[in-house]
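Me: Hey, I'm new to this one. Can you walk me through a few spots in it?

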Amino acid sequence: MKNPNITDRKYLALSVFISPAVVLVILFYFVPVILTLLIAFTDMDRSLQWNFIGFDNFAKLFGLKGKDPFIGKIIKNTLIYIAGALPLTIGGGLLLSILSMKIDRNAGVFFRAIFFIPRAVPPVVWGFLWVWAFEGTRYGLFNAIRTALGLPVVHWFIKYPMLIVIMANGFLGISLAMLVFSSAIASIPRDLTRAAEIDGATDWQITRYVIIPMLKWPILTMTAWHLMSFVNSYVYIMLITNGGPYYATEVWSLYAYHAAFNRYRYGYGASLITVLVLVNIALLFIVLKAFGVRKMLSRGKIEV
Amino acid sequence: MISVTLKNLKKYFGEVRAVDNLNLQIGEGEFMALLGPSGCGKTTTLLTIAGFYKPTAGEVYFNDRMVNDIPPRSRNIGMVFQSYALYPHMNVLDNIAFPLKLKKQPKKVWRKKAVEVAKLLQIDDLLDRMPAQLSGGQQQRVALARALIKQPQLLLLDEPLSNLDAKLRIVMRAELKRLQKDLGITTIFVTHDQMEAMTMADRIAVLKSGKLQQVGTPDELYDEPANVFVASFIGTPPMNFIRGSLLKSGSSYVFECEHFRILLDEVVVQKIRRFPVTNNVILGIRPEDVEMGRGEIKGEIYVVEPMGRDTLVTVKFGDVYIKVLTSSTVKYSIGENVSLSFKSDKVQLFDGETEESLYVKGRDER
């Protein structure tokens, strides 16, 4: 007869402890992913029938069999949206963190606190603030100002819908990027910037040649983070313009949401999401490659 | 090369007087040490000379030019930080050449100069390494090369040797001293290690709580300490101090404490500039100036510490302990009764209240 092995018992105990988490992850993460993948190959609609149609959804999506007339517009919107919001987030975050770390300590904290407000308010409040500010009638904030100045009202959401959506998301991104960059700047040893000053560097040169290179990792993290976030999230766009006017701000993720939950084309929506996941994976690899992660993780040739 | 003059220099941080009315002149090409325990204001002084701190009051002069309002980047100084402060994202070549690259010198020029200075410091085989791939000693040489490449008129070193291991420290001590003499750059360095200051510097300024205690050559500080603090800070093992009274006995003077009395030598009496108001004094004597075996001071051996060439013996008289440096050829054991004497001309006398030396200062004499 075999004695109960102590290691086996230890593993058993560990398994018991970890199993609730595993169950939750499987139930709410892997199962939905697999279901989404499966649904992408059906023409499931409101009737929730599993009717497998092979690659038909993807063929339609790429214009091979049948055609989705909006896909071109959606891709263009998504690219413009990301090309606007990402530089705004990273650039704005960098600028604000560098400036706010340069000025008086208390003033810096004050400015960072102000720019962090978007993160602290609920999404619905943030969304409706923008709706209210850019309302096209004379009751909107900016139009009220224009009216008071005797200027005609501007239909902001008809004229600049994408710009408004980019700014609303960009300012939200700035708040996080700024916070991360500021703490990274605060952790740069003071001797380094002093050494640069002794070496003859101006404030701009210190920023350009010492501070920004030392923010490489936070910039990488924030770029990857916000790239994924802008590709995938549609909450604020949905709240502010809901993709309108007439698909002007409809990005890929919002389009997938609308396909599934407005038009009840679950199968088609799932295929849109599946493509988005693949794009995400590709983007992640490109970002990591661009920043030379492997090189930075390699072992040093330290000689003591 | 320039001379540096600090005139009534004050630097306060709120209530804290980091540097309190410092007057100091550093000559052209001089190697000056700022010595003191941590918190004495030596690094604050260095950072004020560099221009990172604005003086609360007083002036800093480079030659005859007041530089209080000149930013660090325009002072033409080289500086080596305690942490070396190498730019971690640049290789050794780029680190060294950074000051020249900032001036937009062509690559050919900065490359040539960087290789030259790297050769001088024997790091020309490390040019493509990153700072993280260097040992402490190598990092220090890179930091030194970066400080020297722009041919500064003043070199500042903040605790340059404190991050090196003990052996390397002794090597670098000699090398730094030789380099400074070869280049002839006016150099100010900060240290808390009296041995470093003694071995490297032409002159030493001893600071305590932001106040200058004494300035002088290593020999002057060692032989004519201005007060008990300087006397105790300089020299290892440290000087022995015994509290007692100074009494006149006929035409001569006697130092008397609880356990013994000694007649002061004529040489000592002549050095006394002023007698204390009370007869309360502190007698100081270095361990190497105490002789074992004869004399009227009798005590018991408390502990024996062999150190190779010498042996450090602690002798106990009641509650007074005196350290004696003796040759290790004679063996002593704990509990042994011994008698000892002080080399009469080496005795230091300090005021028991102010702890200032009672002697005429060297420069007053001349």
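**A few spots in chains A and B**

Reply: Let's start with B:Gln122, which lies in the loop between α3 (107-120) and α4 of chain B. Helices here are DSSP runs of H or I with at least four residues, strands are runs of E with at least two, and both are numbered from the N terminus. This is a predicted model, where local features need pLDDT of at least 70, side-chain atom pairs count only at pLDDT 80 or more, and totals for chains, interfaces and linings use all residues. Residues are numbered from 1 along each chain as written, chains are lettered from A and ligands numbered from 1 in the order written, and side-chain values use heavy atoms, with hydrogens and water left out.

Me: Which strand is B:Asn21 in?

Reply: B:Asn21 sits in strand β2 (residues 16-26) of chain B. B:Asn21 isn't a glycine, yet has a positive phi of about 55°. At 38% relative accessibility, B:Asn21 is partly exposed.

Me: Switching topic: how do α2 and α4 of chain B cross?

Reply: The axes of α2 (residues 92-102) and α4 (residues 136-148) come within 7 Å and cross at roughly 30°. Axes are lines fitted to C-alpha atoms, over the stretch in contact for helices, and angles run from 0 to 180 degrees between N-to-C directions. That makes α2(B) and α4(B) roughly parallel (angles under 35 degrees count as that).

Me: Which residues meet there?

Reply: From α2(B), B:Val92, B:Asn95, B:Ile96 and B:Pro99 meet B:Val142, B:Ala145 and B:Arg146 of α4(B). Contact means heavy atoms within 4.5 Å.

Me: Now chain A: where is A:Asn77?

Reply: A:Asn77 is in helix α3 (residues 71-102) of chain A, and counts as buried at 3% relative accessibility. Its side chain reaches the backbone oxygen of A:Tyr247 at 2.7 Å. Leaving out residues up to four places away in sequence, A:Asn77 touches several residues, including A:Met162 and A:Val251.

Me: Last one: is the peptide bond from B:Thr236 to B:Pro237 cis or trans?

Reply: That bond is cis, with omega near -10°. B:Pro237 lies in the loop between α8 (228-233) and β11 (240-249) of chain B.

Key:
Parallel < 35°, antiparallel > 145°, perpendicular 65-115°, else oblique. Buried < 20%, exposed > 50% of the residue type's maximum accessible area, 1.4 Å probe, protein only. Polar contact = N/O pair within 3.5 Å; in protein donor to acceptor, adjacent residues only side chain to side chain.
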